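Please consider the sequence and the three-dimensional model shown below.

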Amino acid sequence: MNYDVAIIGGGIVGCAILNKLTRKNLKVVLIEKGNDVAVGASKANSSIIHAGFDCKPNTLKAKFNVRGNELTFKLAKELSVPIKQCGALVVGNDLNMVNELFNRGKANGVKGLHILNREQLLTKVPKLNENITCGLFAETSGITSAYLLTIALAEEAVINGAEVKFNTKIKKCVKNDFGYNLIADNLNINAKYVINSAGASYNEVAKILGTEQHEIEFRRGEYFLLDSNIEPLTNLTIFPLPSKFSKGVLITPTVHGQTIVGPTSYESDNTTITTVDGLNEIKEKAVNIIKDIPFNKNIRNFSGVRTICGDDFIVEKSTKKQNIINLAGICSPGLTAAPAIAEYVAENLLGFNNADKKMKKRVPYTCLHDLNEAERNKLIKRNPDYGKIICKCECVSLGEIKEALNSPLKPNSVDAIKRRVRAGMGRCQGGFCLTKVIKTISENLNISEDEVVKENKGSNFYVSNINPKK
Ligand SMILES: Cc1cc2nc3c(=O)[nH]c(=O)nc-3n(C[C@H](O)[C@H](O)[C@H](O)COP(=O)(O)OP(=O)(O)OC[C@H]3O[C@@H](n4cnc5c(N)ncnc54)[C@H](O)[C@@H]3O)c2cc1C
């Protein structure tokens, strides 16, 4: 099979590029080693659409953050992905640093920045710690769901002709008359252009492509996820003043009504564990922003890993191999920047300047939780499966799970269903619904329950048929 472009890696960056190149009317394939999109850094982060005041001026981070902020709000609305321009505060007691952030933001072209004193801050967050004297308010900052945005970008691309290959790892890349021949255990294709968007595995893929290696460092960020039934701590994102390594431990609402507190920033390997030290550090730091955080209402700890290459993103044409694009070190604000990176790769690096085609719209997943009683009744009358509640915490019905299983990317794991319809995302974290979700996947995909996986290949829940000698 011949393609114009092959993209390796299905995180937010790879999926934003897939979507953009499909809009340019190209034949595009996305190759992902995992069982779904958004299984790397794009599934575990703060999901903040940063305004762009924090990035060093004249960097790719600054340029793509500010443009990406504008594009992400537009795209999320088009794709029916939840997004909220709630604004963000950076708070502390060092007015010089607040001024510096304000000036940096202005230099980056960020609009809607305001320096606030304590009284003004209290009108936005009444529970602020008494040590806080000043802050910066950024109107254009917002929150979304990073994984839903990634899924929606890929789904819309697929509806409009793109292809996505899961569980596929390229082993060989050979130059040929068409462009490149890419070979995996389960794939043999040709592509004129290849894009390395493999996140943490950038160097592994670069080695196979024969392109530039870059020095990569990992920094893990751990989080608390607080239950949706707590009294709201804040309706906007609150950061402390940033450090050299990160934007600091923040407190933010999620688009699904929960609260997250974190992340840490520890030098690490690429494993998503949480640690006692990390979680204690979050507790210690977060109370400098808001004193009484109900950490006893924590329903989950999780972590994500940043892939860092020096001080900036690397978004470049390979000089070693023609028609290959290297994307390395796409750490924060990579979620915000992704649509701007995609635009730049498509138009500036690959030269596809033609107007975007009109895309067939994706149908958003039904969300019973968000419907009023009359709407629910109508839906249940049409299809009784929407009246059978599987996940009680998040009010997710059998109908919604079946709908997700038939969605354009054909998800087939418990976590893929969780990301799409929120079964298992609530207070009990799947304690009550997990076995029902496994059963539903098994019945609808016509596979045995033993074959149902949590996330990637080998993460089966039941082991009764697995031969230990194999
Ligand atoms: C703790 C934390 C908090 C953050 N908070 C924010 C935030 O609030 N706002 C913001 O803008 N940014 C934030 N970021 C940054 C953002 O999450 C990342 O920049 C973004 O997710 C990177 O996307 P990506 O597509 O480059 O990488 P990934 O999402 O990691 O995707 C890479 C993909 O490549 C696949 N892959 C790897 N190797 C191969 C291979 N050999 N073959 C095929 N596929 C392969 C992986 O499975 C993965 O799916 C945060 C990051 C972290 C870790």
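The account below moves from the strands to the ligand, and then to a helix, a loop and some backbone details.

This is a predicted model, in which local features need pLDDT of at least 70 and side-chain atom pairs count only at pLDDT 80 or more, while totals for chains, interfaces and linings use all residues. Residues are numbered from 1 along each chain as its sequence is written, and side-chain values use heavy atoms, with hydrogens and water left out.

Helices (H or I, at least four residues) and strands (E, at least two) are DSSP runs, numbered from the N terminus.

Which strands pair with β12? Two strands count as paired if DSSP finds at least two bridges between them. Strand β1 (residues 2–8) runs parallel to β12, with 6 bridges, and valine 5 has tyrosine 193 of β12 as its bridge partner. Strand β11 (residues 180–184) is antiparallel to β12 and is joined to it by 5 bridges. Within that pairing, isoleucine 183 stands opposite asparagine 188, and a hairpin of 2 residues links β11 to β12. Strand β20 (residues 324–328) pairs with β12 in the parallel sense over 3 bridges, where valine 194 has isoleucine 324 as its partner. In a regular strand the side chains alternate between the two faces of the sheet.

Elsewhere, an open sheet of 3 strands is ordered β3-β8-β4, with antiparallel pairing. Strands β3 (48–49) and β4 (83–84) are at the edges with a single partner strand each, so one side of each has no neighbour in the sheet. Strand β8 (residues 142–144) is joined to β4 by 2 bridges, and lysine 84 has isoleucine 143 as its bridge partner in β8.

The next subject is the ligand. A residue is near a molecule if one of its heavy atoms lies within 4 Å of it. The ligand has 37 residues around it, of which Glu32, Ser42, Ile48, Ile330 and Thr336 come nearest. This shell comprises 15 nonpolar, 18 polar and 4 charged residues; Ala, Val, Leu, Ile, Met, Phe, Trp, Tyr, Cys and Pro count as nonpolar, Asp, Glu, Lys and Arg as charged, and the others, Gly among them, as polar. At least two residues of the shell come from each of α1 (12–23), β13 (217–226), β18 (298–308) and α8 (334–349).

A polar backbone atom of lysine 33 is 3.1 Å from a nitrogen atom of the ligand. Histidine 50 places a polar side-chain atom 3.3 Å from a ligand nitrogen atom, and a polar backbone atom of isoleucine 330 is 2.7 Å from an oxygen atom of the ligand. The protein buries 95% of the 1000 Å² that the ligand exposes when taken alone, with accessible areas from the Shrake-Rupley method and a 1.4 Å probe.

Helix α9 (residues 373–382) is hardly covered, with 1 buried residue among its 10. At the start of α9, a side-chain oxygen of asparagine 372 comes within 3.2 Å of the backbone nitrogen of alanine 374.

Glutamine 429 lies in the loop between α11 (414–421) and α12 (434–445). A polar atom of its side chain is 3.1 Å from the backbone oxygen of methionine 425.

Finally, some backbone details deserve attention. A cis peptide bond joins glycine 262 and proline 263, with omega about -5°, and another joins serine 332 and proline 333, with omega about 10°. Proline 333 belongs to the loop between β20 and α8. Asparagine 58, although not a glycine, has a positive phi of about 65°; this residue is in the loop between β3 and α2 (60–78) and counts as exposed at 81% relative accessibility. Asparagine 323 also has a positive phi, near 65°, and counts as partly exposed at 35% relative accessibility.

Key: Polar contact = N/O pair within 3.5 Å; in protein donor to acceptor, adjacent residues only side chain to side chain. Buried < 20%, exposed > 50% of the residue type's maximum accessible area, 1.4 Å probe, protein only.
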